[in-house]
Protein chains: 2
Amino acid sequence: MTDTPNVLWIMADQLRFDYLSCYGHPHLKTPHIDALAARGVRFTNTYVQSPVCGPSRMSAYTGRYVRSHGSTWNGMPLRIGEPTLGDHLREAGARAVLVGKTHMTADAEGMAWLGIDPTSEIGVRASECGFEAFDRDDGLHPDSPRQQWSAYDDYLVAHGYESNNPWGDFANSGLDEDGELLSAWLLKNSRLAANVPEEHSETAYMTDRAMEFMEQATADGRPWMCHLSYIKPHWPYIVPAPYHDMYDESHIVPPVRSEDEKDTDHPLVKAYQQARVCQSFSRDHVREHVIPAYMGLIKQLDDNLGRLFAWMDEKGLSENTIIAFTSDHGDYMGDHWMGDKDFYHEIAVKVPLIIADPRPQADSTRGGVSDALVEMIDLAPTFMNALGCKPKPHVIEGRDLTPLLHGEPGFARTYAISEHDYHWSDMARTLEQKQEDAHTKMIFDGRWKYIRCEGFRPVLFDLETDPSEVHDLGASQTPEHIAVRERMEAALLDWATRHHTRITATPAVLERQKKAAETGILIGFWDEAEYHAATGIRFEDLEPVGR
Amino acid sequence: MTDTPNVLWIMADQLRFDYLSCYGHPHLKTPHIDALAARGVRFTNTYVQSPVCGPSRMSAYTGRYVRSHGSTWNGMPLRIGEPTLGDHLREAGARAVLVGKTHMTADAEGMAWLGIDPTSEIGVRASECGFEAFDRDDGLHPDSPRQQWSAYDDYLVAHGYESNNPWGDFANSGLDEDGELLSAWLLKNSRLAANVPEEHSETAYMTDRAMEFMEQATADGRPWMCHLSYIKPHWPYIVPAPYHDMYDESHIVPPVRSEDEKDTDHPLVKAYQQARVCQSFSRDHVREHVIPAYMGLIKQLDDNLGRLFAWMDEKGLSENTIIAFTSDHGDYMGDHWMGDKDFYHEIAVKVPLIIADPRPQADSTRGGVSDALVEMIDLAPTFMNALGCKPKPHVIEGRDLTPLLHGEPGFARTYAISEHDYHWSDMARTLEQKQEDAHTKMIFDGRWKYIRCEGFRPVLFDLETDPSEVHDLGASQTPEHIAVRERMEAALLDWATRHHTRITATPAVLERQKKAAETGILIGFWDEAEYHAATGIRFEDLEPVGR
């Protein structure tokens, strides 16, 4: 292998951390992902920076908190000029390539303001979150009427799946006994087989595309980071045969929920429970109908990853490629009387993370488990390190995980942070919460999870005594709980007041400012002697200086 | 007058609020500024967003907190893509023109990243904080060897003041009895007459340039906002005759300071007092030598403004021009055993603000005084309103002052915020404070001033019982003070966790997200009937939708 490894960064969408056998699922066997864990490090405490696709991914792709990059909700454009992992890697001579989805919305207004043509090389890249898009038809034309039309749609049509919406009609619908098309947008249809053979499903397609990229990249020769970003097991929940009937009610883990939770006095938590998607997944028959499809999607993903890893072995790519596997957030699936994601219970905000580093320095950690407190934004600096990019502490807020991969000291984190903007939601409407006030923040220290809810009392869980997070201590008057809440508020204030936006404080700028101050900003000197005594410089030797 | 007034925004640099006769100075008479107050509103509680030039101005010119724009210290470039008042006004068809200085450093790295040519129209504007620079030689060539050479230098040379540094040798030096040149960078030379006649001083020059601009603008016809930005009374403290000996020790107001302050146990406050510039201005002879020059500079400024206002009257410009007069921060001048600025006592962080609005709607407030809690970032939305620019709450954090000018309800603020980054300073070196931790925040509610000092206990002043701010209650165990500190921390956390960076949340984006949520993001519906019942839309009528 060369000194510079490549990086394959695989992301599933909406994959719960506990729906993999290496993370303990009793019925869902994922041997290929487990095998990756056996040759890498499995992280058990990885938190996303927002429990929803768009902002979580914008944090992953920038290495910065949502508070910093400002793309707080799906469809909220990532502002032009916000530096991305792709930008940093390119600076170091490496490629950052996208195969799949980013949920990025381009900042068309900001580009127009700065005279950047969205179809130019820089404009295209800025529209795809800094990535060079291998699947160029995906997301590069945000203002075209074909916004929702993807390269995968083209692929389906090319393979004979003719439709105005092939993605919907084939990959995400099923057929009833009469051959009628039934959309998987409706949950009752989740258990049908998808109307497409497995080899033409979106998961298989993306896997194939990643192989195509890696073949081309090998010919190209430049080091690369490839983000292989699967849509599934995100809704619509439907999976092709044979995965559609591989699991049934007997494989479903009981929901994590208590009757007490329903009696909450917390207005926001109550509003969540009353939201349609939570009402829906609180019904047992919905869970029981949907979860087998969700499990099938994950099983299918695992099989495709097995196919991918075998191909990489065969091509000699595995020995030179760091492989990371993770998800952008989890899925409630009825736990805590909730559905979808959007809040901070472990199953929503904690994700699986496995990193297999083929370099000899990682030999001591192979097959190991790390319970370090990790954030999704830590991947960006880890990949930057691997690809020879110098650290950028004035921009990157994540922390390099390489020490954990190489069994060395040097990684530390006291708190993990996550944020959520619910201005668009049922909850905001129910509570008549103003859009600028509809936000929450989570801070977690590995034991205590504190959730600040603007306008309402906080929520607090003690994961040591209540690992299921069913007892909200946010209003508890126990002195210990009061003290914990105060500590968490103080830590959150410390975090929130830091220089997150000071991204122009490059080493060169800081050095210039330090030098100016040390040789004396010329204020406060009475005479030449005082100036000379303080600086060691003769006043008459000074160059003309600025103000 | 037309419906759209023009705006002349005059800013002095380092002018204390209390060194004007209309703000109560007993010896320094400023009749022209006082006359402006007599035809406008004089604000008595206006706070800058950072008690130092660069960040204070970047906040003034963006209408955003330092936390939001990220230019936390002088010379820290304002990131490319950070929207400015100039950008907003241009969008509404008005010009935003600079006559004078901004202390802006261009984000050369960010521009290169986005392929923006710094010499292009957009690049030049972005390098001058969004302004169209009337004085184009000033600050537009940040990387040239002539960085410090200004249009005023050219002017001096053209008028026969030949030198490699005419600004230094003529405008900012004096001569001793032997004709030797003595630099005003050294405080001992403050009482000399500047080596330039008054009519060629920087203050007079800038005044002339403003008139030239207004003449051209009248011919041009487009509405405008002109930022007339004087350097003085900022150091070097030296003023031309006859102003250099207009004041003496008998005109100096005694310092605001107590022996108790010297005994502070606060490490940061102590480090400030030990910094060179504070040591220097704590010496009585330094104060007594410098303050008369500082007063002369202000008197000269007032006379020039008198000349400007008379000219505007003569040209018929006054009846159609809103005139605002303010400063970017104050000057300790030995008060509290401190010099220069950089902390949050009233004389550093509070500035004069007078706004004279010629429109009839403002007739009821002429000559009035407003003690509303105002921030410098309020000027941007006020000028936007005057020039017909629609509000931009997703970008602008200041609040429109127009209701206060027109005697109407609608302006409210509970807290004023200011921030400071001292990573470059004597204090950071003394305390070995890491650069990322070297920051403070002030929050003030009109009575209590709370200063959060990262890594140290807070500082607290009660301006009701201690208007001189000589009793630090930051460590007081009085229940009232404990409760105030808790309230201030909570308010600061509320502020710090808001969506300051969510600048792409345009009305169009918010509307799109609201619509998507209301017509139903397609998650959680069991069947067609449930979808129809919830949304009123027949499922089969749905257009293909995205994920």
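Colleague: In which helix is the place of A108(A)?

Modeller: In this predicted model, A108(A) belongs to helix α5 of chain A, which covers residues 108-113.

Colleague: Why is A108(A) called partly exposed?

Modeller: The relative accessibility of A108(A) is 36%. Buried requires under 20% and exposed over 50%, so A108(A) counts as partly exposed.

Colleague: What makes α1(A) oblique to α13(A)?

Modeller: The axes of α1 (residues 31-38) and α13 (residues 284-314) of chain A cross at roughly 55° and come within 7 Å. Roughly parallel would need an angle under 35 degrees, and roughly perpendicular 65 to 115; therefore α1(A) is oblique to α13(A).

Colleague: Which residues meet where α1(A) contacts α13(A)?

Modeller: From α1(A) come P31(A), H32(A), I33(A) and L36(A); their partners in α13(A) are K299(A), D302(A), D303(A), L305(A), G306(A) and F309(A). Sorted by class, this contact holds five nonpolar, two polar and three charged residues.

Colleague: Why is the pair of W167(A) and W185(A) called tilted?

Modeller: The ring centres of W167(A) and W185(A) are 6.2 Å apart, and their planes stand at 50°. The limit for pairing is 6.5 Å, and planes under 30 degrees apart would be stacked, over 60 edge-to-face; the pair is therefore tilted. W167(A) is in helix α8 (residues 166-171) of chain A, while W185(A) is in the loop between β6 (181-183) and α9 (202-220), 18 residues apart. Both W167(A) and W185(A) are buried.

Colleague: What makes the pair of F17(B) and Y23(B) edge-to-face?

Modeller: For F17(B) and Y23(B), the planes are at 85° and the centres 6.5 Å apart. Planes over 60 degrees apart count as edge-to-face, so the pair receives that name. F17(B) and Y23(B) are both buried.

Colleague: Which residues do ring pairs link into a cluster?

Modeller: The cluster linked by ring pairs consists of W9(A), Y61(A), F131(A) and F383(A). Over all chains, the count of aromatic pairs is 44.

Colleague: How do you know that R42(A) lies over the face of Y23(A)?

Modeller: R42(A) is at 4.7 Å from the ring centre of Y23(A) and lies over its face.

Colleague: Why does R39(B) count as partly exposed?

Modeller: R39(B) has a relative accessible area of 28%. R39(B) lies in the loop between α1 (31-38) and β2 (41-47) of chain B. Beyond its neighbours within four places in sequence, R39(B) is in contact with F309(B), S318(B), I323(B), A356(B), R366(B) and G367(B).

Colleague: Is E469(B) buried or exposed?

Modeller: With a relative accessible area of 2%, E469(B) falls under the 20% limit and is therefore buried. E469(B) has a phi near 55°, a positive value in a residue other than glycine. Its place is in the loop between β15 (459-462) and α18 (479-496) of chain B.

Colleague: What is omega for the cis peptide bond that joins K232(B) and P233(B)?

Modeller: Omega of the cis bond between K232(B) and P233(B) is about 10°. The bond from A241(B) to P242(B) is also cis, with omega near 0°.

Definitions and conventions:
Residues numbered from 1 in each chain as written. Chains lettered and ligands numbered in written order. Predicted model: local features only at pLDDT ≥ 70, side-chain atom pairs only at ≥ 80, totals over all residues. Heavy atoms only, no water. Axes fitted to C-alpha atoms, helices over the stretch in contact; angles between N-to-C directions. Helix = DSSP H or I, 4+ residues; strand = E, 2+ residues; numbered from the N terminus. Parallel < 35°, antiparallel > 145°, perpendicular 65-115°, else oblique. Contact = heavy atoms within 4.5 Å. Nonpolar A, V, L, I, M, F, W, Y, C, P; charged D, E, K, R; others polar. Phe/Tyr/Trp six-rings, centres within 6.5 Å; stacked < 30°, edge-to-face > 60°. Buried < 20%, exposed > 50% of the residue type's maximum accessible area, 1.4 Å probe, protein only. Lys NZ or Arg CZ within 6 Å of the ring centre and 35° of its normal.
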